[in-house]
Amino acid sequence: MIYPAPAALPTGEEQERYLDSVLGWFEEAARTTPDTALTGFLGHPVDLRTLRITGLHHVAVYVGDYDREEDFDQWLALVEKSPDTEDVRSGPSHIAPREYGTPGHWINCRAHGQELELFTCRARGGWADRPAGQKNALMSHFGLAVDTPDHVRPLLDYLATFDGVELLAFAPEDELGHTYGHLLRRDTDRVLELVHPGGSSPGR
C-alpha cells in the first residue's frame, strides 16, 4: 500500500490540500496489520509469533521531490501548524544521500493516533530521473515493531536470506535510544523497516 505521490512536492497554496489528501490516505493505511505488511513485502505469509514482531510501528509516505530548500521549509511549517498532527520533528535523511546521491528530509509526527513519517528528496542527479512510482516505492514503507533491540539485527539478517531481499541499512542504539533497519526487495523496489523504538523513534 503506497500513497500515489506526484513527482514533485506541491508548492504554495496547493500544499494544504495535498496534506489533507496524505492524512486521509494515512488514516486508512494505519489500519494495515503487521501480517499484511510483511506478507505484502515478502510475497508470502510468515508466522509473526516466531519472528517476535509485536505490531505496526509507523507508516512512511514519500510525498514527492522538492526543488528548493524553501519549498521543504514551507511544507514543514504546514505540517507543524496542522491541527491534525502533533509531536512534529524533522531531520536530514541518511539513506537518500548514501543510496541515491541526493539530500532529503524526514518529518515524524503523530496523526489519527498513529505514527507517520513523511519523506521528500531533492530533485537532483540520477534520483531526479527515476520514475515517480519507483521513488514512492523506495522511500515509502511500513515500520514493524520488534520486541527487543537486540533482536532487530538478527531478524533483519534472517529476512535478508529470502530470495530478492537484502539489507539496506541498520542503525543500532542511536542517540535517541532506538534501533532500526531497512530491508529492500530489488525486484519490486519495496522497503520494510524493523524497529525497536526505545525511548522515542524519529523518522529516518
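Is Asp87 buried or exposed in this structure? At 53% relative accessibility, Asp87 counts as exposed, where buried stands for under 20% relative accessible area, exposed for over 50%, and partly exposed for values in between (1.4 Å probe, protein chains only). The model is predicted, so local features need pLDDT of at least 70 and side-chain atom pairs count only at pLDDT 80 or more, while totals for chains, interfaces and linings use all residues. Residues are numbered from 1 along each chain as its sequence is written, and side-chain values use heavy atoms, with hydrogens and water left out.

## Backbone angles

Asp87 is found in strand S2 (residues 86-92); helices (H or I, at least four residues) and strands (E, at least two) are DSSP runs numbered from the N terminus. Although Asp87 is a residue other than glycine, its phi is positive, near 55 degrees. Arg52, also not a glycine, has a positive phi of about 65 degrees. Arg52 is placed in the loop between H3 and S1, and its relative accessible area of 35% makes this residue partly exposed.

## Salt bridges

Side chains of opposite charge can pair when their charged atoms come close. A salt bridge is defined here as a side-chain nitrogen of Lys or Arg within 4 Å of a carboxyl oxygen of Asp or Glu. The structure holds nine salt bridges, and the table gives some of them.

| Salt bridge | Closest N and O atoms |
|---|---|
| Arg52 with Asp147 | 2.8 Å |
| Asp65 with Lys135 | 2.4 Å |
| Glu99 with Arg98 | 3.2 Å |

Arg52 lies in the loop between helix H3 (48-51) and strand S1 (53-62) and Asp147 in the loop between strand S5 (141-146) and helix H8 (152-159), so the pair ties together parts that are 95 residues apart in sequence. Asp147 is partly exposed at 31% relative accessibility.

Asp65 forms a salt bridge with Lys135. This pair links distant parts of the chain, 70 residues apart: Asp65 is in the loop between S1 and helix H4 (69-81), and Lys135 is in helix H7 (residues 132-139). Asp65 is buried, with a relative accessible area of 5%, and Lys135 is buried as well, at 3%.

Glu99 forms a salt bridge with Arg98. Glu99 is partly exposed, with a relative accessible area of 31%, and Arg98 is partly exposed at 48%.

## A negative surface patch

Glu13, Glu14, Glu16, Asp20 and Asp84 form a negative surface patch. Patches are made of residues with over 30% relative accessible area and no salt bridge; like charges are joined within 9 Å, and nonpolar side chains (Val, Leu, Ile, Met, Phe, Trp, Tyr) within 5 Å. In this scheme Lys and Arg count as positive and Asp and Glu as negative, whereas His and the chain ends are not counted.

## Cysteines

A disulfide is a covalent bond between the sulfur atoms of two cysteines. With a disulfide taken as a pair of cysteine sulfur atoms within 2.5 Å, the count comes to zero disulfides. Cys109 is buried, with a relative accessible area of 0%. Cys121 also counts as buried, at 0% relative accessibility.

## Two further sites

His182 lies in strand S7 (residues 179-185) and counts as buried at 2% relative accessibility. His182 and Trp106 are 76 residues apart in sequence, and their C-alpha atoms are 15 Å apart in space.

Arg186 is placed in the loop between S7 and strand S8 (190-196). With a relative accessible area of 49%, Arg186 is partly exposed. Arg186 and Arg153 are 33 residues apart along the chain, and 20 Å separates their C-alpha atoms.

Note on methods:
Areas by Shrake-Rupley, 256 points an atom, 1.4 Å probe, with all protein chains shown as cover. Charge placed at Lys NZ, Arg CZ, Asp CG, Glu CD.
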